Amino acid sequence: MSVWDWLGKWVPGSGGASVPIFYDESYRLPLTGIESSVGIEPRGVDFTTWYLLEKGVVRPADVHRPLPVSYAELARVHEPAYLESLGRPETLARIFATDPSEVPVDTLLTNVRLVCGGTLGAARLALARKGPVVNMAGGFHHAAPARGGGFCAVNDIAVALAALHADGFDGRTVVVDLDAHPPDGTAECLAGQEKAWIGSLSGSDWGSLPLEVDETRVPEGVSDNDYLSLLEGLLARMPRADMAFVIAGGDVLKGDRFGRVGLTLEGARRRDRALERALRGVPSVWLPGGGYHSESWKVFAGTVLVLAGKGSRAIKARYDPLSARYQRISRLLSQEGVPEEITLSLEDLEGSLGLGATLQPKVLGYYTAQSLEYTLFRFGLLSHVERLGYSRLRVEVGSTGAGDRIKVLGKAAGQEHLLVDCVVERRPVAGEPFLFLNWLSLRHPRARFSERRPQLPGQDVPGLGLGREATEMLLLMAKRVGLAGVAFRPMWFHPAALSRSRFRFADPVRQGRFEALVRDTAHLPVQEATRAVADGRVLLNGEPYRWEPDDMVSRLEPQAGDADVDALVAAERERCRFTVEAAG
């Protein structure tokens with residue numbers, strides 16, 4: 001479902017300041033491996049936007065659709081040879097830490113240019129309204145005139161500022177960069193511009209910066225109070241501005257994979273309050289920068305809450321934007337009579353009239369191929385797969401000895417590929433009826449395995465990066481046909497580890513052992529931990545450990561807390577100590 005169709009059905013919120021934002025569903029990076037290999041949450045921009053819309057902080061009328069910047073606009077900042085190199089998958093793969101086979105060049109460049117266009121559009125609107133405007137992506141501060149890196153292909157701030165100068169703007173500009181990493185690319189792009197000031201607080205050292213950059217290196221794991229004290233000093237040194245760009249970095253949280261700053265969510269919110277006060281009345285563009293923590297999206301959501309005058313509003317700890325959005329779309333589909341309106345096909349009708357055709361197969365006795373394809377379209381999953389380079393997508397359903405089968409197929413390079421292969425059935429687990437997932441393969445055959453994205457047990461090609469979306473859709477399917485939830489039996493460590501936020505082992509003792517394994521392998525990427533378990537290099541209390549396949553469940557209605565169950569989980573978790581031996 002297009003975000004623009006979806007926004008048209010949104011119930012606007014009321015009250016608070018109006019905060020214009022620039023956003024497009026194509027802001028999501030079309031790179032399927034970065035979540036598992038790098039630790040980037042590719043849905044982060046969407047999570048923040050969906051939350052703000054769901055809670056009425058941003059109204060549909062405040063959402064502006066960006067236009068991609070032209071190459072002429074990029075050429076004001078970036079050298080021609082570098083821009084030409086961006087057309088090669090090897091260049092983009094280096095910048096985005098992935099394998100060239102995974103890079104859909106045209107789609108990724110469209111993404112980069114669109115986000116850059118969002119920053120430019122926000123800058124022009126900020127000058128017009130003399131206040132803050134938000135771009136939901138951007139802050140590509142590592143891109144320099146002749147190079148890119150650190151997930152930054154072009155420098156959107158420098159490109160936007162150059163366009164403003166071409167428009168006739170000649171005022172003083174400040175760039176307040178509060179990403180956890182220093183603004184090396186921005187400093188190079190703006191070098192020699194007397195009316196541009198760059199101030200930065202960062203938690204790492206990427207080499208010397210130009211003397212005109214006011215750069216403060218904060219101590220690793222700095223406390224909220226100490227950080228805010230350093231920020232007050234930076235803002236006191238900031239000159240009076242006619243235009244401001246702010247990178248309200250989401251990688252400042254304690255536990256961020258690449259940031260070393262160590263703030264709490266409340267500390268990040270206090271940071272943004274101080275920024276908002278210092279820039280009140282100044283045209284300003286607010287950008288999220290980086291973020292490599294599961295809650296990074298909450299940092300920038302808090303930024304927009306502050307700008308909207310709702311900075312005291314807390315975000316619930318267990319709020320899941322993906323689940324909330326899917327439930328809303330499901331309700332819209334139900335109100336429209338979908339999929340019931342389209343499940344009765346011509347083949348169904350001919351079969352019921354005895355005209356020689358057989359009844360069209362239905363998954364779980366309910367979903368036809370057409371209804372599933374329409375649902376995938378409305379949830380936006382088909383468009384995402386198309387962005388990866390597949391076309392003419394279609395859905396097939398049928399039956400196997402293990403249950404009902406769903407296949408999604410698509411064409412690339414003149415060949416049809418199997419992209420999704422799913423087998424489900426109704427099955428009791430712990431005395432309750434569940435939608436049991438016997439098999440799920442999300443396949444990206446255009447990509448290939450690499451050192452960054454190694455082949456995992458059970459894989460023949462890399463995945464599509466849509467595991468969380470698939471889980472939410474299966475839960476909605478279970479709800480529609482009156483089941484208790486979704487269950488599956490992970491045959492390896494990695495599917496259990498990647499789904500642990502939504503699933504638990506039905507056996508509490510098994511859950512406790514699993515939690516201990518996750519705890520004791522937390523220092524390893526999931527791929528390495530999976531390989532160590534599969535290779536027999538993991539020991540449980542000093543003895544060789546073999547993975548134990550068992551049923552995991554995700555219930556539609558959470559069960560009330562059971563002290564006895566919790567005690568069993570905790571006792572087993574504390575009893576178990578896992579160690580990992582080095583590879584031979």
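Leaving aside its neighbours within four places in sequence, which residues is G199 in contact with? Contact here means heavy atoms within 4.5 Å. The answer is V175, V176, D177, D214 and L234.

Before I go on, the ground rules. This is a predicted model, numbered from 1 along each chain as its sequence is written, with pLDDT of at least 70 needed for local features and 80 or more for side-chain atom pairs, while totals for chains, interfaces and linings use all residues. Side-chain values use heavy atoms, and hydrogens and water are left out.

Back to G199. This glycine sits in strand β5. G199 has 0% relative accessibility, so it counts as buried. The cut-offs: buried is under 20% relative accessible area, exposed is over 50%, and partly exposed is in between, with a 1.4 Å probe and protein chains only. V174 is 25 residues away from G199 in sequence, and the C-alpha to C-alpha distance is 7.6 Å.

Now the whole strand. β5 covers residues 196-202, and seven of the seven are buried, so the strand is largely enclosed by the rest of the structure. Take the faces in turn. A196, I198, S200 and S202 are buried on one side, and W197, G199 and L201 on the other.

What does β5 pair with? Strands count as paired if DSSP finds at least two bridges between them. In general, strands of a sheet pair through backbone hydrogen bonds, either parallel or antiparallel. Strand β4, residues 173-177, runs parallel to β5 and is joined to it by five bridges. V174 has W197 as its bridge partner in β5. From β4 the chain passes through helix α9, residues 184-189, to reach β5, and this β-α-β crossover is right-handed. That is, with the strands pointing away from the viewer, the path from the first strand over the helix to the second runs clockwise. Strand β6, residues 213-217, also pairs with β5 in the parallel sense, over five bridges. There, S200 is partnered by E215 of β6.

Next, helix packing. Axes are lines fitted to C-alpha atoms, for helices over the stretch in contact, and angles run from 0 to 180 degrees between N-to-C directions. Helix α3, residues 44-54, packs on helix α13, residues 321-335, at about 55°, with the axes 9 Å apart. The two helices are therefore oblique to each other. For the classes: under 35 degrees is roughly parallel, over 145 roughly antiparallel, 65 to 115 roughly perpendicular, and the rest oblique. The α3 and α13 crossing is left-handed. Left-handed means the near helix is turned anticlockwise from the far one by less than a right angle, and right-handed means clockwise. From α3 come F47, W50 and E54; they meet P321, L322, R325 and R328 of α13.

Second pair. Helix α10, residues 224-237, and helix α11, residues 265-278, pack at about 15°, axes 10 Å apart. That makes α10 roughly parallel to α11. Among the residues making this contact are Y227, L228 and L231 of α10 and R270, R271 and A274 of α11. The crossing of α10 and α11 is right-handed. D226 is partly exposed, with a relative accessible area of 48%. From D226 to C422, 196 residues along the chain, the C-alpha atoms are 51 Å apart.

On to the mixed sheet. Seven strands form an open sheet, in the order β9-β10-β11-β12-β13-β17-β14. At the edges stand β9, residues 391-400, and β14, residues 504-505; each has a single partner strand, so one side of each is left without a neighbour in the sheet. β9 runs antiparallel to β10, residues 403-412, with eight bridges between them. L409 in β10 is the bridge partner of R394. Helix α18, residues 467-480, lies across β10, β11, β12, β13 and β17, at about 150° to β12.

Last, the antiparallel sheet. Three strands make it up, an open sheet in the order β16-β15-β18. β16 and β18 are its edge strands, each pairing on one side only. Helix α20, residues 508-520, packs on this sheet, touching β15 and β18, and its direction makes about 40° with that of β18.

Definitions and conventions. Helices (H or I, at least four residues) and strands (E, at least two) are DSSP runs, numbered from the N terminus.
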